[in-house]
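Please look over the structure shown here.

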Amino acid sequence: MSLDPSYLEYPHRRPGMDHALYPYSNLFTRPPIAWPAGKSVAIWPVISLEWFPMVPSDTPFRAPGHMQTAYPDYRHYTAREYGTRIGLFRLLDAFEAVGAKVSVACNGAIATRYPAIIEALQAGGHEIIAHSTDMNGTIASGLAEGEESALIAGSLDALEAASGTRPRGWLSIARSQSFNTPRLLAEAGVAYMCDWVNDELPYAMSTEAGAIVNVPLNHELSDRQIINVQQQSVDSYAQQMRDAYGWLANEAQTHGGRMLPLHLTPYIMGLPYRIDAFEGLVRWLAEQPGAWFATGSDILDHWSAQE
Amino acid sequence: MEAVHVDPQLYDFSPWRGRPKVRWPGGKSCAVWVAPNLEFYELDPPANPHRKSWTKPHPDVVGYAHRDHANRVGHWRMADVMTRHGFPGSVSLSVALCDHIPEVVEDARQRGWEFFSHGIYNTRYSYGMDEAQERSIIEDSIATVQRATGQRIRGWLAPALTHTPRTLDLIAEYGLDYTCDLYHDDQPTDVKTASGRLTAIPYSLEVNDHYGFFIYNMSPRDYADTLIRQFERLAKEGEAQDGPGGTVMCIPLHSYLIGQPHRIGPFEEVLRHIANDGRAWIATAGEIVDAWREQQP
C-alpha cells in the first residue's frame with residue numbers, strides 16, 4: 001500500500017499563505033486603529049434575517065436551519081417565521097433602547113415579501129447587508145459561476161429595490177463560498193464581505209476584479225454556535241460576551257481598537273425566555289465606557305480612513 | 001492489505017496500584033506541560049483515500065479561516081498568557097509552518113519553547129503511506145525544524161492523529177524519544193519498538209481544548225473548571241503515600257480555539273491557579289521524559 005507520489009509534493013509550500021487572496025498579517029504588530037471618540041471596542045451586531053422556502057434545495061448544500069421533516073415541514077417553516085415576525089423586533093427594541101444601530105443581513109426575499117421590515121430598519125437607521133436571495137441560495141464549489149453571479153445580483157437588486165440603497169456588505173449563507181466568490185462580489189461592487197473568520201479586524205483581499213475588504217464576523221461568538229450547536233444557556237452566552245468584551249477592552253489599551261461581533265438569529269435569540277438576558281447584555285455593553293456600537297459600514301469606513 | 005493485529009503489543013501492562021513511585025524534581029506531585037499545536041492547514045490539499053481533509057467542498061472557508069485565526073491572532077494571545085504565568089510550550093508543529101509563517105515559529109523559539117513534529121501539514125495524513133513515504137515525512141520534519149529553530153526534534157504527534165502500524169518503530173529508529181499518540185496512562189511508559197527507545201508521554205484528548213469545545217461543547221468557564229479539576233486530582237494522587245508518585249498533566253491547545261476573546265480570560269485563570277498551587281512541576285515534554293528515564297532501572 002502506498003499513496004500517489006503527488007501526495008508528498010507540496011507545490012504551495014513557500015513563505016506566506018498557500019493562496020493569493022491575502023498576505024499573512026499579525027494582528028498584534030499592525031498599526032493600532034482608533035475608533036471614534038477614543039472608544040476601545042466596536043460592538044458590531046449583525047442580525048441574520050432569513051426566509052426558508054418550504055421546499056429546500058440541497059444544491060450545493062442545505063442551509064443550516066432549513067426544513068428537516070418530510071413535506072410539509074410546518075414546524076420549522078413557522079418557527080423560523082416566528083423570528084421574522086417577533087424575534088427581530090425584540091432584538092431591534094433591545095438595541096434601539098440604547099441608541100445602537102445594527103447591521104441586518106437580509107435575504108432578498110425578505111425585502112420582496114415583507115416591505116414593512118425594510119421600512120422599520122430604515123426608520124431605525126440600521127444597515128442592510130445582502131445575505132443571498134433566500135435560504136436556498138447557498139454557495140459552494142460546484143455552483144456554476146453564472147448561477148452564483150446571478151444569485152449575488154438578485155440579492156443586491158431586491159434589497160436595493162425595496163430600500164433605495166444598494167447594500168455595501170455581503171454575508172454568504174453559512175459563510176460558505178466558492179473559489180469565485182470574492183472576485184464575483186468585487187465585480188458586483190460589494191465593498192465588504194463578512195465570511196472569513198480568520199481575523200478580528202477588517203483586512204483587504206485582492207481579486208482579479210479588484211480589492212474587497214473582509215470584515216470578520218466571528219462564528220464562534222454567534223448565538224447559533226453557542227446556543228444551538230454547543231447547547232449552552234443564554235446566561236452562559238451573555239457571560240461569554242462579557243468575558244470577551246473585557247478581554248478586548250484590556251487588549252485595546254496597548255494594541256488599539258478591537259471588534260466584538262454579535263451575530264444574532266431572531267428565531268434563536270428573540271425567544272421570550274432568552275430575550276431578557278440578551279437585553280441585559282446589551283444594556284451592560286452600552287454602559288461600558290469603551291463600547292462603540294457600530295454597523296459594518298461604520299467599521300469599514302473608519303478602518304479604511306486609517307489604511 | 002497489510003497484516004493487522006488485534007493486540008498492538010504496544011507496552012507491558014502496569015496497574016495503577018503498586019507501581020514503583022515516580023519522583024519529580026523538587027518533590028512536586030504533578031508534572032504539567034502545555035502543548036500548543038502550531039499548525040498550518042491547506043486551502044486545497046490533495047485527497048487522501050482514507051480521510052477527507054475538509055468536511056465541505058474546497059474551499060471550506062469557515063474551516064480554513066478558523067484555523068488561520070491561530071496564526072494571525074490566537075497564537076499571540078495564547079503565548080503571552082503562557083509566558084506571563086511561566087509556562088513554556090512543547091510545540092506540536094506542522095513543520096510547513098516554518099516555511100509559511102516563520103514569524104510564529106520564531107516567536108515560539110524566542111520564548112524558549114520545545115518543538116516536536118505534528119507532520120508536514122495538518123491536511124496531509126499518514127494513512128496509506130508506504131515505508132519510504134513515511135520515512136520522508138520524518139526526515140523532512142527533522143531537517144525542517146533543525147533549519148528553522150536549531151532544535152533536533154525529540155517527539156512526534158501524528159499529523160491529525162493519523163498513523164501507520166510502523167510509525168512508532170520508525171520514529172524510534174530515527175532517535176526520537178517520545179510519542180504523544182498513546183493515551184493509556186497518567187505517567188510516562190516505554191513503548192515496545194523494533195529498535196531504539198521510545199517513551200509515551202501522557203498527552204490528552206479528554207482535556208484537549210478541541211474536545212472541550214467541539215466534542216463536549218463546554219463553555220469557556222466550564223473548560224477552565226475541567227482543567228482545574230484535572231490538575232487537582234492528579235496533584236492529589238501524585239502526593240498520596242500509597243500512590244504511584246508523580247503524575248503528568250498535559251494541556252493540549254489550539255490557539256484558534258483557546259485564543260478566542262471569550263475563552264482566553266478563563267484560561268488565564270487556570271494557569272494562574274496551577275502556577276500558584278505549589279504542587280506543579282511546570283516543564284517541557286523533553287524534561288519530563290528525561291526525568292522519568294533517569295529513574296528507570
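**Questions on a predicted two-chain model**

Student: Which residues of H10(B) are buried?

Tutor: This is a predicted model, in which local features need pLDDT of at least 70, side-chain atom pairs count only at pLDDT 80 or more, and totals for chains, interfaces and linings use all residues. Residues are numbered from 1 along each chain as its sequence is written, chains are lettered from A in the order in which they are written, and side-chain values use heavy atoms, with hydrogens and water left out. Helices (H or I, at least four residues) and strands (E, at least two) are DSSP runs numbered from the N terminus, and buried means under 20% relative accessible area, exposed over 50% and partly exposed in between, with a 1.4 Å probe and protein chains only. The buried residues of H10(B) are B:Ala285, B:Gly286, B:Ile288, B:Val289, B:Ala291, B:Trp292 and B:Arg293.

Student: Why does B:Val289 count as buried?

Tutor: B:Val289 belongs to helix H10 of chain B, residues 285-294. Contact here means heavy atoms within 4.5 Å, and beyond four places in sequence B:Val289 touches B:Asp177, B:Tyr178, B:Thr199 and B:Ile201. B:Val289 counts as buried because its relative accessible area is 0%.

Student: Which residues form a cluster with B:Tyr178 through ring pairs?

Tutor: Rings of Phe, Tyr and Trp (its six-membered ring) pair if their centres lie within 6.5 Å; planes under 30 degrees apart are stacked, over 60 edge-to-face, and the rest tilted. By this rule there are 20 aromatic pairs over all chains. Ring pairs link B:Tyr178 into a cluster with B:Trp33, B:Phe116, B:Tyr183 and B:Tyr203.

Student: How many residues apart in sequence are the parts that A:Phe52 and A:Tyr267 tie together?

Tutor: The rings of A:Phe52 and A:Tyr267 are edge-to-face, with 6.3 Å centre to centre and 70° between the planes. Both A:Phe52 and A:Tyr267 are buried. A:Phe52 lies in the loop between S1 and helix H1 (74-96) of chain A and A:Tyr267 in helix H8 (residues 266-269) of chain A, so the pair ties together parts whose separation in sequence is 215 residues.

Student: What area do chain B and chain A bury between them?

Tutor: The size of an interface is often given as the accessible area lost when the parts come together. Buried area is this loss, found with a 1.4 Å probe and summed over both parts. The contact takes 67 residues from chain B and 57 residues from chain A. Of the area buried between the two chains, 57% is on carbon and sulfur atoms, and the total is about 4,900 Å².

Student: How far apart are the closest N and O atoms of B:Arg221 and A:Asp243?

Tutor: A salt bridge is a side-chain nitrogen of Lys or Arg within 4 Å of a carboxyl oxygen of Asp or Glu. Seven salt bridges are counted between chain B and chain A. In the one between B:Arg221 and A:Asp243, the closest N and O atoms are separated by 2.9 Å.

Student: Over which ring does the charged end of B:Arg72 sit?

Tutor: A charge sits over a ring if NZ of Lys or CZ of Arg is within 6 Å of the ring centre and within 35 degrees of the ring normal. The charged end of B:Arg72 lies 4.4 Å from the centre of the ring concerned, which is that of A:Tyr203.

Student: Which backbone oxygen lies 3.1 Å from a polar atom of the B:His118 side chain?

Tutor: B:His118 is in the loop between strand S3 (114-117) and H4 of chain B, and is buried, with a relative accessible area of 3%. A polar contact is a pair of N or O atoms within 3.5 Å; within protein, one must be able to donate a hydrogen and the other to accept it, and residues adjacent in sequence count only if both atoms are side-chain atoms. The side chain of B:His118 makes one of 3.3 Å with that of B:Glu39. The backbone oxygen in question is that of B:Ala158.

Student: What is the phi of B:Leu161?

Tutor: Most residues other than glycine have a negative phi. B:Leu161 lies in the loop between strand S4 (155-156) and helix H5 (167-173) of chain B and is partly exposed at 30% relative accessible area. Although B:Leu161 is not a glycine, its phi is positive, at about 60°.
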